[in-house]
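Thanks for coming. I have one model to go through today, and I will keep to what can be computed from it.

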Amino acid sequence: MKHHLALACAAALAAAPALAEEAGEPEGRSLMERGMQLFFEGLKDEMSPALRDLGALADEIGPPMQRFLSEMGPALAGILARVEDWTQYEAPEILPNGDIIIRRKPEAPPAPVAPEEKVKPGEPTDI
């Protein structure tokens, strides 16, 4: 009886590709490949409106962002070079006068003391 069952299973497995071709499956494609193709086509159809909107947003925000980075990029790079651990600071706060401050967290260890620079009287300084 076991031999008959094994023979029937083998015959069914051998006939599966022929049945798939008769059902309209393209030659050489497995059901998994066809399923993945349908999945990605559906994903593409669902994502295309969002990608169009993202493209429009990039077109709108791109030029002002490029101007901002070209003007502020060097100053931001200087800040990034001086700050070792951003977790020691609170979120930036915009004051009513437009100034932006970034406070050190109260529980943060003291900031390293920078060596004093000698400034001549009347000379502008960076704070």
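First, the conventions. This is a predicted model, in which local features need pLDDT of at least 70 and side-chain atom pairs count only at pLDDT 80 or more, while totals for chains, interfaces and linings use all residues. Residues are numbered from 1 along each chain as its sequence is written, and side-chain values use heavy atoms, with hydrogens and water left out.

Now the layout. The chain has 2 helices and 2 strands, in the order α-α-β-β along the sequence. Helices here are DSSP runs of H or I with at least four residues, strands are runs of E with at least two, and both are numbered from the N terminus. Of the 127 residues in the chain, 2% are buried. Buried means under 20% relative accessible area, exposed means over 50%, and partly exposed is in between, with a 1.4 Å probe and protein chains only. The chain exposes about 11800 Å², and carbon and sulfur atoms supply 63% of that. Those areas come from the Shrake-Rupley method with a 1.4 Å probe; for residues, only the protein chains shown count as cover. As for contacts (heavy atoms within 4.5 Å), take those in the chain with a separation of 6 or more: residues 24 or more positions apart account for 0% of them.

Next, helix α2, residues 31-82. What would a straight helix of 52 residues span at 1.5 Å a residue? It would span 76 Å, but α2 spans only 57 Å between its end C-alpha atoms. The expected span is 1.5 Å times one less than the number of residues. There is a kink of about 55 degrees at Met-72 in α2, shortly before the proline Pro-74. The bend at a residue is the angle between axes fitted to the seven residues ending there and the seven starting there.

On to the strands. Asp-99 sits in the loop between β1 (93-94) and β2 (100-101). Leaving aside neighbours within four places in sequence, Asp-99 is in contact with Glu-93 and Ile-94. Asp-99 counts as partly exposed because its relative accessibility is 43%.

How many salt bridges are there? The count is 1, with a salt bridge being a side-chain nitrogen of Lys or Arg within 4 Å of a carboxyl oxygen of Asp or Glu. The partners are Arg-103 and Glu-93, with their closest N and O atoms 2.4 Å apart. Arg-103 lies in the segment after β2 and Glu-93 in strand β1, 10 residues apart. Arg-103 is partly exposed at 41%, and Glu-93 is partly exposed at 34%. Not counting residues up to four places away in sequence, Arg-103 touches Tyr-89, Glu-90 and Glu-93. Arg-103 and Pro-92 are 11 residues apart in sequence and 7.3 Å apart in space, C-alpha to C-alpha.

Last, the aromatic pairs, of which the structure holds 2. Phe-39 and Phe-40 are edge-to-face, at 5.2 Å centre to centre and 70 degrees between the planes. Trp-86 and Tyr-89 are tilted, at 6.0 Å and 55 degrees. The rule pairs rings of Phe, Tyr and Trp (its six-membered ring) if their centres lie within 6.5 Å; planes under 30 degrees apart count as stacked, over 60 as edge-to-face and the rest as tilted. Trp-86 is partly exposed at 40% relative accessibility, and Tyr-89 is partly exposed at 21%.
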